[in-house]
Amino acid sequence: MLFFLNKKFNIFRGKQYDDLLDEFMQAVTNKYGMNCLIQFEDFANANAFRLLNKYRNRYCTFNDDIQGTASVAIAGIFAALRITKNKLSDNTFVFQGAGEAALGIAHLIVMALEKEGIPREEAVKKIWMVDSKGLIVKGRSHLNHEKEMFAHDHPTVKTLEEVVQIIKPTAIIGVAAVAGAFTHQILKDMGTFNEKPIVFALSNPTSKAECTAEDCYRLTDGRAIFASGSPFSKVILSNGQTFFPGQGNNAYVFPGVALGVIACGVRHITEEIFLTTAEAIAEEVTEEHLAEGRLYPPLSSIRDVSFKIAVKVVDYAYKHNLASWYPEPEDKEAFVKNLIYSPDYDSFIIDSYQWPQGAMKTQNI
């Protein structure tokens, strides 16, 4: 059983709000069992991390805005590294935005860097964040716990353009829904600092994107590695280069994660599951996709991608003692495939049925 919990609960505040959420979580699991997966969606920054931390070790739950967005963004970064031909640790990231999406991506980048062998303290130094008040630095007032983790010893910088010019990042990631935040100057600067700059304009809808795909490719002479949160049409530059921008959509993540979690009875969904998911998505990107500017497999293949993610999640869960259904299946692909709903039905003949007079007779159903 899978429940989606969205921001409509925000009509309440304070203790009344928390009591309602507690009652809901308890009621759902009382009714459907502790293996019921509850997905949080569109909760405000002030509540999203707090509720995730409150419930993650008590229920089978995850927050799609934090963890799903992080997973799909990291998948795009992993694919981009196949183009830049370097390691994750060779990169420096600047975020436009410091809400749940940005912080979720940043935390997963840190985890991926640690997996690469980089100490956590050094990993954090590779991530810089800009919010509505400018660069997040140590000593700035009213920083919450999540933002403090990425606050660096640095003078105050007010604008994203200045931050990019000072930090000279290899990658910029926009998740603040500020349309046009990646100005022409920023895109030109990214193309000056880097042979293949990584530019992720992940805000949606398209009207809120930090830049257009066309501007990104044109202002970097076709060298940028671009992904967006909303769809963009293909871009043809004056020199004939053609790009099909990749869309970093959470739809790549949550169906496969949910299927894998439910399939083997994972009780608590760890961050490692979302890193495993990112790796699985990146593996589905072919060299042909990369040559076209795609950092994600076509959305038309989402069913197959979800299946492969689920298999990876099941395999990870059994290897790390997270699964609760035993015995462990020997053929995990067959195990997961058997659980996938198919809308296709076999045709069958009903000629032998004695139809009432005047009724229409149908050969195949």
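Leaving aside neighbours within four places in sequence, S230 is in contact (heavy atoms within 4.5 Å) with S203, N204, P205, T206 and Q247. The model is predicted: local features need pLDDT of at least 70, side-chain atom pairs count only at pLDDT 80 or more, and totals for chains, interfaces and linings use all residues. Residues are numbered from 1 along each chain as its sequence is written, and side-chain values use heavy atoms, with hydrogens and water left out. S230 sits in the loop between β9 (225-228) and β10 (235-236). Strands (E, at least two residues) and helices (H or I, at least four) are DSSP runs, numbered from the N terminus. S230 is buried, with a relative accessible area of 5%. Buried means under 20% relative accessible area, exposed means over 50%, and partly exposed lies in between (1.4 Å probe, protein chains only). A polar atom of the S230 side chain lies 3.2 Å from the backbone nitrogen of T206.

Strand β7 covers residues 171-174. In a regular strand the side chains alternate between the two faces of the sheet. In β7, A171 and I173 are on one side, and I172 and G174 are on the other. All four are buried. Strand β4 (residues 93-96) runs parallel to β7, and four bridges join the two. Strands pair if DSSP finds at least two bridges between them. V94 stands opposite I172 in β7. Strand β8 (residues 198-201) also runs parallel to β7, again with four bridges. Here G174 stands opposite A201. The chain crosses from β7 through helix α8 (residues 184-193) to β8, and this β-α-β crossover is right-handed. That is, with the strands pointing away from the viewer, the path from the first strand over the helix to the second runs clockwise.

The largest nonpolar core has 93 residues. A nonpolar core is a set of buried Ala, Val, Leu, Ile, Met, Phe, Trp, Tyr and Cys residues joined through side-chain atoms within 4.5 Å. F95, I105 and M129 touch the most other members. Not counting residues up to four places away in sequence, I105 touches T69, A70, A73, I74, F95, I173, V175 and L202. Another core, of 28 residues, lies apart from the largest one. Among its members are V164, C211, A213 and F226.

Side chains of opposite charge can pair when their charged atoms come close. A salt bridge is a side-chain nitrogen of Lys or Arg within 4 Å of a carboxyl oxygen of Asp or Glu. By this rule the count comes to 17. K312 forms one with E283, the closest N and O atoms being 3.2 Å apart. K312 lies in helix α13 (residues 302-319) and E283 in helix α11 (residues 271-283), so the pair ties together parts that are 29 residues apart in sequence. K312 is partly exposed at 35% relative accessibility, and E283 is partly exposed at 49%.

Within helix α13, D304 and K308 are four residues apart, a separation of about one helical turn. Their side chains meet in a salt bridge (3.3 Å, N to O). D304 is partly exposed at 39%, as is K308 at 33%. E114 forms a salt bridge with R120, with the closest N and O atoms 3.3 Å apart. E114 has a relative accessible area of 33%, and R120 has one of 40%. D131, R140 and K147 are linked in a network of salt bridges.

Note on methods:
A polar contact is a pair of N or O atoms within 3.5 Å; within protein, one must be able to donate a hydrogen and the other to accept it, and residues adjacent in sequence count only if both atoms are side-chain atoms.
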